[in-house]
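Thanks, everyone, for making the time this morning.

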Amino acid sequence: QFSIMNSKFFGSVLILALVAASAFAQNPYTPPTPDPSEAGKINQIWSGIQDLMNQAHAKGNPWLRMAHAKQHGCVRALIQTLPNLPSYAAQGLFNPATQNKTHVAFVRFSNGIARGFTAGFKANESDAIPDTRGFAIKIFGVNGQKILPGFQNAETLDMTFITTRSQFVDHIDGAVGFFGAVHDGLLKESAWLATHPHFAFRFAKLAINGGGVTNMLSQTYWSQSPHQHGSTAAKYMVSPCKNAFKYESADLSSLHDKNFLRTNLLNSLSKAPACFTLSAQFYVDDKTTPIEDATVDWPTPFVDLANIVIPTQTFGTAGQEDFCRW
């Protein structure tokens, strides 16, 4: 009797597990027809960003990118696609039929703070200031035609991640309003956030989630926005490998060094390699996994796609730093 009840119990568990899995099965995604005004709004944001950078440079300041200007390190890495991926995951970079299983890459670690987002910004702000942290990858030897105009035949692929899971702006009009206020100065930016508290709360989360970081090699990073992945869409995550070397937090005595994140990165990679797993969660439907609202955290499970191996190394040559800085 116990055996029969046991069988019924485990059978029920199995059925429930299969139902749950089917609820999160990836589905094809068909992009909607773009709003005709969207391209103009994107150009409006970009023009404002360009103008801010040019204004700063005209005053004798170094020319810096608008965000993630402070670079902790530009390090060599290998992207190793995992074997036996399900067909819906084995797409693009991760398709063993069209791509190499291992790609050479560079990883750039950074702080998110930038001129225009804070008063008195300097190129070398202290790492103790709460801020979002960045993890960007440039991957080489990627076959196939790309969709970016002017770069269709490029053999590189860029992926960017930060320490916050979702975006703080939920639609293009909100982005136009926010970046327009940023362009007009700190007072206008503060006033805009005060009148848009839902944006302000999510904007504050960027700094909160990246605050307290003492070693860039022990963090988890997210793509925030969904990307096309074969016939479907996916959000990506980079997290320390399960069996990777565990990097210790910095000694508190080192926190007086305003560049302690770079110092810790140099020290850590001089002693041991680092490993991250690149994973994806896939689109199900517009309600569960919305594409047009990147403030929503998708509930779908992550599928591991590749390992990012950062070998033991020293870094910091002028050429290597400049390659990633721009």
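Before the residue itself, one cut-off is needed: a residue is called buried under 20% relative accessible area, exposed over 50%, and partly exposed in between. What we have here is a predicted model, and in it L266 has a relative accessibility of 30%, so L266 counts as partly exposed. This leucine belongs to helix 6, which runs over residues 260–271, and the C-alpha atom of L266 is separated by 8.3 Å from that of Q313, although the two are 47 residues apart along the chain.

The protein has a mean pLDDT of 83, with 85% of its residues at 70 or more; confidence is highest in strand 9, residues 303–310, at a mean of 97, and lowest in helix 1, residues 2–23, at 39. Where pLDDT is low, the predicted coordinates should not be read in detail.

Finally, which residues of helix 4 are buried? In this helix, residues 186–194, they are E189, W192 and L193, and, seen down the helix axis, the buried residues fall within an arc of 95°, so they line one face of helix 4. Their cover includes helix 3, residues 172–183, and helix 5, residues 197–210, whereas L187, K188 and A194, on the other side of helix 4, are exposed.

Technical notes. Residues numbered from 1 in each chain as written. Predicted model: local features only at pLDDT ≥ 70, side-chain atom pairs only at ≥ 80, totals over all residues. Heavy atoms only, no water. Helix = DSSP H or I, 4+ residues; strand = E, 2+ residues; numbered from the N terminus. Buried < 20%, exposed > 50% of the residue type's maximum accessible area, 1.4 Å probe, protein only. pLDDT = per-residue confidence, 0-100. Arc of directions from axis to C-beta. Contact = heavy atoms within 4.5 Å.
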